[in-house]
Structures are given as structure tokens and as C-alpha cells.
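Me: I have a structure to go through with you. Can we take it piece by piece?

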Amino acid sequence: MKLVKEYNKQFMIDHFEKDKDLLIIAGPCSIESEEQMMRVAEKLVSLNIHYIRSAMFKPRTSPYSFQGIGFDGLEIIKKIKEKYPIKVVSELVRLNDIPIYEKYVDVIQIGARNMQNFELLKAVGKLKKPVLLKRGFGNTIEEWLNSAEYIMANGNEQIILCERGIKTFETATRNTLDISSVPVVKGLTKLPIIVDPSHASGRRELVTPLALASIAAGSDGLMIEVHPDPENSVSDKEQAISLAEFENLISKVKEINKTLTKQR
Ligand code: PEP
Ligand code: MN
């Protein structure tokens, strides 16, 4: 893990260079319709949030679950970018799709299930785009950082790590948020790390408390699942929060971040 450990250009990703603010990525689990995405984008922009989740392909545990809208989502992505000053974050699942992602997606997400898909890691390592690398739910921090190393070893240093919970014996939550990974990772590398409390908990009432805990632990940002009509979300509805709940979460997060920044 030579490169990851020696990485010293903290916050080289555009966002962090411009303002040292938290990196917040929010949006629905998956793109469902233009109306759904426009409603989310409008809210995010009004809250000064610069990144929207825009998943076209969903690697689902069950083959019978919604697999994503596919490239029909591209038209929606194009329209969002025409209308709003917002960047899109979208999960890449196939090598063949890289040219399209290079053209239309601002941050390429590598999901938990593909954290050790080494061919995918090598390929995004050759791109000049930020990569959001989620931790596999069965992977150690060392394995996760080795995956970041694959990306770096191929030339791409623009990596954002994302803790999203790991499998434990606990069944009350979908995964167990490994909050300690935030300070542990910070002790090992200067790469930015954000936390996804939505997939970590799988329960909407836990998203805000875990988001606050993550910021308190030193996370550089958050990834949050937000839906205009959470109860009717096509995927992951149990963890989706409404636009109003999201606004409330953001105001609490900003408050705690302000207090902490003053203290640090
Ligand atoms: C996601 O963020 O859309 C997702 C599927 O999360 P994970 O890869 O962490 O399960
Ligand atoms: Mn989801």
C-alpha cells in the first residue's frame, strides 16, 4: 500500500480544493424517472449541495429485484446537468460501459460488491475522473485500501473512500456501520473518506444519528439516500428519507461540523 500510505495531497479532488466544506452526495437509490430526479436535484441545489446520486445500474443481491433503469437514465442525467449546476455520481458495473461514463458521469462509483473487481479497479485507475470507492461489506480496511492502491498504481489519485457498513452477527441493522474505520483510515492515508449511513443501517430513522456520528468521528462527508416519495421508492425504500428529512439532516450536520471545525 505504498502509494495510498504516502499520499500527501490532501483533498486534491476539485471539490475540496475549492471549499473545504463537507462532501455531500445525495439522491435516490436508483434513477426511476425524470420527475423524481428533477425534484431531488432542485432540492439539493437549493441546499448548496453539489453531487447527486444517479444510479442507472443496480447490482442487487436478488436477481428478481429492480436492476436499474439502464442507459435510459442517460437522457435524464443529461437533462439534470443542463438544468442544474450539479455533478452526477453513478455506479459503474461493467468494463464496457467506461466510455459512456467517461463522457457523462462526474464521479465514478465502485460499489461494495465490486470493491475487489480488480479489472474494474485497474480500468478506472486509467481515467482522469474521481472514483468513489465503497468498502466491501466483507472486507477489512487493509483490503479496502489495497483496492484504492490498485486505482492509484494505474495512475489515478482522485479517490474518495466510502464506509458503508460491514456484515456482523447483528441483525437489527442491515449492516453494522464501522465508525472506527474513519479515524483508522485517517491514520493510514490522507485520502478523503465519507460515510454512507443509509446502506449501513438500512433503516431511515437511523440515517440522521449515524450521519451525525460520522461527522463527529471526522468523516469528510456523507452519501445519503433521499427520495421525493420514500414509501414508493423502487429500491431500498426502508432506508430512503424524504426531502424534508434530508433538509433537517443537513442543518444538523452543518451545526455539528461548525462546532467541530471551531474546536480543531
Ligand atoms: C449504492 O450506493 O447504490 C449501493 C448499492 O451501495 P453499496 O455498494 O454500498 O451496497
Ligand atoms: Mn440503495
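Reply: A definition to begin with: buried means under 20% relative accessible area, exposed means over 50%, and partly exposed is in between (1.4 Å probe, protein chains only). This is a predicted model: local features need pLDDT of at least 70, side-chain atom pairs count only at pLDDT 80 or more, and totals for chains, interfaces and linings use all residues. Residues are numbered from 1 along each chain as its sequence is written, chains are lettered from A and ligands numbered from 1 in the order in which they are written, and side-chain values use heavy atoms, with hydrogens and water left out.

Me: Metal first. Which residues are the protein donors of the manganese ion (ligand 2)?

Reply: Cys29 (SG), His199 (NE2), Glu225 (OE) and Asp236 (OD). Donors are N, O and S atoms within 2.8 Å of the metal (3.2 Å for Na, K and Ca); water is not among the atoms, so sites may look incomplete.

Me: How are the donor residues spaced in sequence?

Reply: The pattern is C-x169-H-x25-E-x10-D. Histidine 199 lies in helix H9 (residues 197–201) and aspartate 236 in the loop between E8 and H11, so this pair ties together parts 37 residues apart in sequence. Helices (H or I, at least four residues) and strands (E, at least two) are DSSP runs, numbered from the N terminus.

Me: Is aspartate 236 buried or exposed?

Reply: Buried, with a relative accessible area of 11%. Histidine 199 is at 8% and also counts as buried.

Me: What forms a salt bridge with aspartate 236?

Reply: Arginine 174 does, with the closest N and O atoms 3.2 Å apart. The two are 62 residues apart: arginine 174 sits in the loop between strand E6 (159–163) and helix H8 (181–188), aspartate 236 in the loop between strand E8 (221–225) and helix H11 (243–263). Arginine 174 is partly exposed, at 34% relative accessibility. The rule for a salt bridge is a side-chain nitrogen of Lys or Arg within 4 Å of a carboxyl oxygen of Asp or Glu.

Me: How many salt bridges by this rule?

Reply: The count is 15. One of them joins glutamate 231 to arginine 204, also at 3.2 Å. That pair is 27 residues apart, with glutamate 231 in the loop between E8 and H11 and arginine 204 in helix H10 (residues 204–216). Arg135, Glu163 and Asp178 are linked in a network.

Me: Where do lysine 78 and glutamate 75 lie?

Reply: Both are in helix H4 (residues 73–83), three residues apart, about one turn of the helix. Lysine 78 is partly exposed at 27%, and glutamate 75 is partly exposed at 45%.

Me: Now ligand 1. What surrounds it?

Reply: Among them are Arg53, Lys58, Ala112, Arg164 and His199, with a heavy atom within 4 Å as the cut-off. A side-chain N or O atom of arginine 53 is 2.7 Å from a ligand oxygen. For lysine 58, a polar side-chain atom lies 2.8 Å from a ligand oxygen. Alanine 112 uses a backbone N or O atom, at 2.8 Å.

Me: And the largest nonpolar core, how many residues?

Reply: It has 65 residues. Those with the most contacts inside it are Leu133, Leu161, Leu222, Ile224, Phe246 and Leu249. A nonpolar core is a set of buried Ala, Val, Leu, Ile, Met, Phe, Trp, Tyr and Cys residues joined through side-chain atoms within 4.5 Å.

Definitions and conventions. A polar contact is a pair of N or O atoms within 3.5 Å; within protein, one must be able to donate a hydrogen and the other to accept it, and residues adjacent in sequence count only if both atoms are side-chain atoms.
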